[in-house]
Amino acid sequence: LVTQVDLRRQQISQIVEEVQRVVHHLTAEISLQDLRFQAVPYSDTYNGNIKVLAPCQFLVTVPVKGLVGYREAREQRWRYYTLRGTRLPCPLQDPEGLRQWLEAEQFMKSQWQWHEADVNIEGDIVPAKVLQVFRKLVENAIGTRQLSGERIEKSTRAQKLGCCETSTCQVELELVPTVEIPTVWPNRRKSSPCLGSWPSRQRVECIKSFGFALLACSNYHWQQSFLQAEQVLLDQLDEDGGCRRKCFQALRQMKEDVWCPGKRPVITSHHLQTVLFWTCEKYPHPKEWQVFSKAFLRLVRKLHKCVSQHFLKHYFVRKSNLLQHASSGELDTVAQKLALFLKNPQIGLP
């Protein structure tokens, strides 16, 4: 398993290298067409805009420009509009969990383009409208001469915006316009990651300083994302010399090879990462992460419980269930495989 983990790391690094080159060229072309979108930077080290959900499934956050100085909405109001411009007899449903409205007036400075009808309805910057504009830009950019040498094409799946052919596999890219909100932590979080002794209070303050982001991936509501904060937690897992990272890597490898393989798995690396965070909070002491076999099985049991119950709380937004929209049948299949492993947990362990 250790060899498989090392091999996976090398393969993913190569795939990310190829994907980010294509994504940079694609988004640079998009930025030339529409100044509201930034090019995803190319990085020789970690690229915070590219999240590997599975070996052939990447989330790419594309930053927007022209929205500066975010503040929480001062008052609630009802919305009666539709995406087509008609009026509703009853107001739209209020956002829940990770989702929220976004008004242009919530920014101290906003470029006039964000007030245009192609993305704005009654003062709201509407994610579905932003995504509609962005999709057309992606299609145009893929067809330009500058990208003719790149191995990328429009995805046939509605929620995906591109497929990139790498030297090892075809990668599905979900390119999502993203409003980055640095240094601000959402005030309406019902709880924060400081309920126990992990992470430390100093780490919590560091995490909050990275702020959050809003992703355009639904019709009316923007989805809150904490990718940078989560990465800080991942990067500093084993400062006390524990085996948390090794357990996470083994869990991910078993998930990809045995429990939930495939190009579009119902359980992604982000789900496993969340399971890890909850387990670290429940078992915060270094001595609980010294013996790999015990710590690894603890993670597997937590994963089995979440998958069996179809319930996994987001680590920062605790009223949000990350498995709410997942296929029940696929989750049950994964739960059965995990149960079989737990009956004979020596299989595949290093």
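## Helix H2

Let's start with helix H2, which spans residues 127–142: its 16 residues reach 22 Å from the first C-alpha to the last, close to the 22 Å expected at 1.5 Å a residue. That expected span is 1.5 Å times one less than the number of residues. Helices here are DSSP runs of H or I with at least four residues, strands are E runs of at least two, and both are numbered from the N terminus.

The buried residues of H2 include Lys129, Phe134, Leu137 and Ile142. Buried means under 20% relative accessible area, exposed over 50%, and partly exposed in between (1.4 Å probe, protein chains only).

## About the model

This is a predicted model, in which local features need pLDDT of at least 70 and side-chain atom pairs count only at pLDDT 80 or more, while totals for chains, interfaces and linings use all residues. Residues are numbered from 1 along each chain as its sequence is written, and side-chain values use heavy atoms, leaving out hydrogens and water.

## Nonpolar cores

A nonpolar core is a set of buried Ala, Val, Leu, Ile, Met, Phe, Trp, Tyr and Cys residues joined through side-chain atoms within 4.5 Å. The largest one holds 89 residues, of which Leu173, Val179, Trp259, Phe296 and Phe316 touch the most other members. Helix H7 (residues 292–309) supplies its largest share, nine residues. Because domain 1 (1–226) and domain 2 (237–349) both contribute residues, this core lies between them; the domain bounds come from an automatic or database assignment.

Another core, of six residues, lies apart from it, with Tyr81, Leu92, Trp101 and Ile121 among its members.

## Valine 68

Strand S3 (residues 67–70) contains valine 68, which is partly exposed at 48% relative accessible area. Leaving aside neighbours within four places in sequence, valine 68 is in contact (heavy atoms within 4.5 Å) with Phe107, Met108 and Lys109.
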